Amino acid sequence: MSAAVKEGGRRAGRRQAVFLLYQHDLTGLTLDELTENANRAGDPIDEFTLALIEGVSVDRAHLDRLISQESTGWTAERIAPLERNILRVAIHEILD
């Protein structure tokens, strides 16, 4: 059982996914590198979290277009990275 499942289930998985996507935006490291680093640090990535990360990554351009369309006076690029990734994960889950 992964850390996310042990410590809060899907809520913890969402938090971990947002954090990894945020790190990806800030550092430019690949998601594979970031998940490998998390696993080595003793914070394993569960299947739910991995599915969120992969889904957002694959659908990122579409998610950013939706965010930009619905954000009056803002584009996805102008939204702070943490909030942008929260929105990406939330919209991905809603559409999935």
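Q: Which helix does Arg11 lie in?
A: Arg11 is part of helix α2, which covers residues 9-27. Keep in mind that this is a predicted model.

Q: And is Arg11 buried or exposed?
A: Exposed: Arg11 has a relative accessible area of 63%, and the cut-off for exposed is over 50%.

Q: OK, switching to helix packing. At what angle do α5 and α6 pack?
A: About 105°, with the axes 10 Å apart; α5 is residues 60-70 and α6 is residues 81-95. The two helices are therefore roughly perpendicular to each other.

Q: Which residues make that contact?
A: From α5 you have Arg60, His62, Leu63, Asp64, Leu66 and Ile67, and from α6 Arg84, Leu87, Arg88, Ile91, His92 and Leu95. By class, the contact of α5 with α6 has six nonpolar, two polar and four charged residues.

Q: What about α4 and α6, how do they pack?
A: Helix α4, residues 47-58, packs on α6 at about 100°, and their axes are 10 Å apart. That makes α4 roughly perpendicular to α6.

Q: Who's in that contact?
A: On the α4 side, Phe48, Ala51, Leu52, Gly55 and Val56; on the α6 side, Arg88, Val89, His92 and Glu93. Sorted by class, the α4 contact with α6 has five nonpolar, two polar and two charged residues.

Q: Rings next. How many aromatic pairs?
A: The count comes to zero.

Q: What sits over the ring of Trp74?
A: The charged end of Arg78, 4.2 Å from the ring centre.

Note on methods:
Residues are numbered from 1 along each chain as its sequence is written. This is a predicted model: local features need pLDDT of at least 70, side-chain atom pairs count only at pLDDT 80 or more; totals for chains, interfaces and linings use all residues. Side-chain values use heavy atoms; hydrogens and water are left out. Axes are lines fitted to C-alpha atoms, for helices over the stretch in contact, and angles run from 0 to 180 degrees between N-to-C directions. Helices (H or I, at least four residues) and strands (E, at least two) are DSSP runs, numbered from the N terminus. Angles under 35 degrees count as roughly parallel, over 145 as roughly antiparallel, 65 to 115 as roughly perpendicular and the rest as oblique. Contact means heavy atoms within 4.5 Å. Ala, Val, Leu, Ile, Met, Phe, Trp, Tyr, Cys and Pro count as nonpolar, Asp, Glu, Lys and Arg as charged, and the others, Gly among them, as polar. Rings of Phe, Tyr and Trp (its six-membered ring) pair if their centres lie within 6.5 Å; planes under 30 degrees apart count as stacked, over 60 as edge-to-face and the rest as tilted. A charge sits over a ring if NZ of Lys or CZ of Arg is within 6 Å of the ring centre and within 35 degrees of the ring normal. Buried means under 20% relative accessible area, exposed over 50%, partly exposed in between (1.4 Å probe, protein chains only).
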